[in-house]
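Here is a short note to read beside the model. Keep the structure open and find each residue as it comes up.

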2 protein chains.
Amino acid sequence: MAILQYQGCYISHTASTVGKIEAEGPLGTCFDLIERDPYFGEESWEKAESEMVHRTLNVLLKKAGKTPDDIDLILGGDLLNQCTASTFAVSELKIPFLGLYGACSTAAESLLIGSRFCCSGQTKRAIAFAGSHFCSSERQFRFPLEYGNQKTPTAQCTVTGAGAFLIDTEEDRGVEVCEGLVGRIVDNGVKDANNMGAAMATAAVDTILRYFDESGHKAEDFDCIVTGDLGAEGEEIAEVLLKKCGFDPQGRMTDCGMLIFDREKQDVNAGGSGCGCSATVTASYFYPKLRSGEIRDMLLIGTGALLSPRTVLQKESIPSVAHLVHLRRTQK
Amino acid sequence: MAILQYQGCYISHTASTVGKIEAEGPLGTCFDLIERDPYFGEESWEKAESEMVHRTLNVLLKKAGKTPDDIDLILGGDLLNQCTASTFAVSELKIPFLGLYGACSTAAESLLIGSRFCCSGQTKRAIAFAGSHFCSSERQFRFPLEYGNQKTPTAQCTVTGAGAFLIDTEEDRGVEVCEGLVGRIVDNGVKDANNMGAAMATAAVDTILRYFDESGHKAEDFDCIVTGDLGAEGEEIAEVLLKKCGFDPQGRMTDCGMLIFDREKQDVNAGGSGCGCSATVTASYFYPKLRSGEIRDMLLIGTGALLSPRTVLQKESIPSVAHLVHLRRTQK
């Protein structure tokens, strides 16, 4: 069995922070914190990103009425080299910390691993989180912002946002992590760093097919099948490939990268991306729907393009991964 | 309880690969593979690092008589931006993969998380690994090798090496992972990237004190208490601090970074560092001693300095972490 079964791992609270253009998007009213200053009051984009994660974690603790002492484990990551946004953000909290790197799949990865620890009966509460910042990503992965370079239509826009989840084994507030599937790396040969959707699409397809093949479920068993951040290009490729492979998603597929922005009105090319994309959309758009019973079963398939600026310069292809998490309403 | 208890998680096999100067060091005869070409037959340092990890994983599978299909999960990481050495190394294997970032503590982190998955009864076999390469690290974190820059005496030498562990729930070959303790981030204000031992020492002390305080064990209960890669400077600081805090290690402390090189004869300044340091020394020096019964209980305290070149330039301090793993001989 490759599908992981979890028992008694509830998501009791979530929190999110986003930047200005995310707040102006269709989900703008969903998020907990909105910061219109891209520097978050700091001196650099990197410190801004760290501050954003820090604020998100503090809001989560506040919403849950917990102190850092109540939390046994915190785990997550970001896109910065050596994941420093996360490290500096959690440093003061003094909670045992596991650093993860799954590119834009990090939110799903942190839920998978955090729930595994909580299921053991030895970890009562864990915080899973992920974040990304448009400005720090642009200068690290692409060009200095000051260049004002033009983007290709397939390029995605890194979300400035952080999302955090409190996995709790004691407080069932209606939403649980019930299954997980760790992704395999899929490298379909795409080398265009401005088309990460195309690179990640096959990883998403691989994970979705593995899940439905092994679980025996059908698309109809889920209210929504949500990919992380394939964007317009990647989502289309994934849907075509799934149908070619005999899986009909029955119109239940959607993508966090497509939901967070309005591509007609906002200058975001193929949609949103970055660790913060699926983290904030899941934490603040889908989680409340699960809580209210509007949806009862969802699959989050966090997708990550595991490239670096150096591997792109060295003309390597873009290995990708997609981790699946099944979130379910506990009170049927 | 912060200490994690594991049951039935055996390390059935290990494998390691090192470069030329590691092979010329005091442990040179211990390692599985030695490659004198720093390029490992590839065109760049980064591809060399990936090839090194790839070879190590293949040797591990061969030693264990397993194919990738027999492995349910692989998890690990490296020091490269976006952990690409690991990603490219595991890409072909098609084993579900979790990417981790714990800097030089990654080997311990991968054992902690891998064993947690295996303990669940749902993951039969997992491979935990970590690797680093002197040349790719130098150019990423410090200076181009061609500069031939001089190092300070407190600087450490990144080990060119990769170590991998097969965690098996079915094959008890005499060594188990029985306990773990996830480290908290400790930031003591050290900003000197050429003295990471001093930055990491307090993280190691924090974890060691937490472990002994909670477990009730004494230093005498262990044949050795092995830190990851504090080096000469960090090891001395850690020992002094531990004694000041009332913990006497009874001469049982040692450090992988001090063992792998001969500081008298080799030009390595304060000793070895890098993800590959504790990974290779644990896999190929300590593991055989556990297997043979020469030692029966050891603590590995993997230490990681969670800086990036950018945080150093931004004059930030160096947050550090230390993850503890208790390895025990099962046949007393």
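1. **Helix α9 of chain A: cover.** This is a predicted model. Start with α9(A), which is mostly covered. Of its 18 residues, 14 are buried.

2. Now look along the axis. α9(A) bends by about 35 degrees at A:Thr282. Just after the helix comes A:Gly293, with a positive phi of about 90 degrees.

3. **Where the chains meet.** How many residues does the contact take from chain A and from chain B? Chain A gives 56 residues, and chain B gives 56 residues. Between them the two chains bury about 4,600 Å². Carbon and sulfur atoms account for 59% of that area.

4. Chain A and chain B share four salt bridges. One of them joins the side chains of A:Lys47 and B:Glu316, at 3.6 Å from N to O.

5. **Which elements build the chain A side.** Several elements give two or more residues to the side of chain A that touches chain B. Among them are the helices α2 (45-64), α3 (84-90) and α5 (134-141), and the strands β1 (4-5) and β14 (320-329). Which element gives the most? It is α4(A), with five residues.

6. **A buried glutamate.** B:Glu35 sits in the loop between β3 (33-34) and α2 (45-64) of chain B. Is B:Glu35 buried or exposed? Its relative accessible area is 18%, under the 20% cut-off, so B:Glu35 counts as buried. A polar atom of its side chain lies 3.0 Å from the backbone nitrogen of B:Asp37. Beyond its neighbours within four places in sequence, B:Glu35 is in contact with B:Val18, B:Gly19, B:Lys20, B:Phe40 and B:Arg55.

7. **Gln250 in each chain.** Check the backbone here. A:Gln250 is not a glycine, yet it has a positive phi of about 55 degrees. B:Gln250 also has a positive phi of about 55 degrees and is not a glycine. A:Gln250 lies in the loop between α7 (231-244) and β11 (253-255) of chain A. B:Gln250 lies in the loop between α7 (231-244) and β11 (253-255) of chain B. A:Gln250 is partly exposed, at 40% relative accessible area. B:Gln250 is partly exposed too, at 41%.

Technical notes
Residues numbered from 1 in each chain as written. Chains lettered and ligands numbered in written order. Predicted model: local features only at pLDDT ≥ 70, side-chain atom pairs only at ≥ 80, totals over all residues. Heavy atoms only, no water. Bend = angle between axes of the 7 residues up to and from the residue. Helix = DSSP H or I, 4+ residues; strand = E, 2+ residues; numbered from the N terminus. Buried < 20%, exposed > 50% of the residue type's maximum accessible area, 1.4 Å probe, protein only. Contact = heavy atoms within 4.5 Å. Buried area = accessible area lost by both parts, 1.4 Å probe. Polar contact = N/O pair within 3.5 Å; in protein donor to acceptor, adjacent residues only side chain to side chain.
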